[in-house]
Amino acid sequence: MDQDTVNEFLGRFVTDIGATGAAGSVVVGNRLGLYTSLAQGPATPAALAERTGCAERPLTEWLRGQAAGGYVTYDTATGEYSLTEEQAFCLVDPDGPNVSEAYRLVLGYLRAEEQIAESFRTGAGLPWHAHHEDVFTGCAAFYKSGYVVDLVPTWIPALEGVQAKLEAGARVADVGCGLGESSFLMARAFPNSTFVGSDYHAASIDEARKRAAEAGVGDRVSFEVASAQGFSGTGYDLIAMFDCLHDMGDPVGAARQVRQALAPDGTWMVVEPAAGDTVADNLHPVGRLYYSGSTFLCVPTALSQPGGYALGAQAGEFPIRQIAAEAGFTRFRKATQSAFNAVYEIRP
């Protein structure tokens, strides 16, 4: 046994377990608005306690830990803590990476550790709706930042003829829409088009309807509780699925429903986590992130549904192509790819 190799592994362990514990602190900071308050200007623990109404002693420990992790900046001369412009953008801006909100997703799914362990024994999975509510809000925040950057500026223009249809006025279905953030982005960008979001999870649809009103797009965006295999409507110019096809127990059934619901010249846009087709292709930090989430969310969700599929969040292009072909689609291409997502254009 090589001791240097042992020490290298233990160094990785210290980094990982420190980050795991820090996740809780980030979520506390998010819930209490500590990052938002700190973004207003530098503060000592006492000053931030006065600013936020929190007790000084736990706040002091929180600030020290955040500084140790590089999430907050500490000034040794003044004893003040602050956020740089870049830290504030990542932690506070709702249209930025919004990492403090995204941490709620991870902490939320870790709450189900006992049920997930049991699902390993039984193979029965764990349905999406059985998770803590932080999973739903955290998931929306985690994906929203990427959608803000790429959906309208990059992904839609990469689809043949779709942007022109949306600008003129198209009918769009957003299947597996969650809290509706993708629908809102498209609706704001293309005011002549109408959008129908669907998700089997009733609580998410309730929240999406509230957010639609707040976003000022309630006249052009509607929502329904429906599975991907049973959403309503036909003649859609565009049907979109954002980061959800791999969660389905019956993605082929969903693909067949899409095919019959599309207009003859319609487009099915499938956005999936970027991944290679082999395990070796995905052995990197982003792959690790997605495999962890897939172990707790994607695969258990799919296993809890009828259909027999459990693609997981790092499925790659090949099985998506196969599903499309099995459902009767004849045209398939990868339209574009971003750091975290691959975008597939699928046509009848």
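**Close-up views of a predicted model**

**View 1. Helix 11 and the residue after it.** G216, with a positive phi near 75 degrees, follows helix 11. The model is predicted, and local features need pLDDT of at least 70, side-chain atom pairs pLDDT 80 or more, while totals for chains, interfaces and linings use all residues. Residues are numbered from 1 along each chain as its sequence is written, and side-chain values use heavy atoms, without hydrogens and water. Helices (DSSP H or I, at least four residues) and strands (E, at least two) are numbered from the N terminus. Helix 11 covers residues 202–215.

View 2. S204, I205, A208, R211 and A212 are the buried residues of helix 11; buried means under 20% relative accessible area and exposed over 50%, with a 1.4 Å probe and protein chains only. They lie on the same side of helix 11 because they cover an arc of only 120 degrees around the axis, taken from the directions from the helix axis to the C-beta atoms. The face turned away from the buried side carries the exposed residues K210, A213 and E214.

**View 3. Surroundings of P251.** P251 lies in helix 12, residues 251–261. P251 counts as buried because its relative accessibility is 0%. Leaving aside neighbours within four places in sequence, P251 is in contact (heavy atoms within 4.5 Å) with L245, Y309 and I323. From P251 to A228 the C-alpha to C-alpha distance is 8.2 Å, and the two are 23 residues apart in sequence.

Conventions
Expected span 1.5 Å × (residues − 1).
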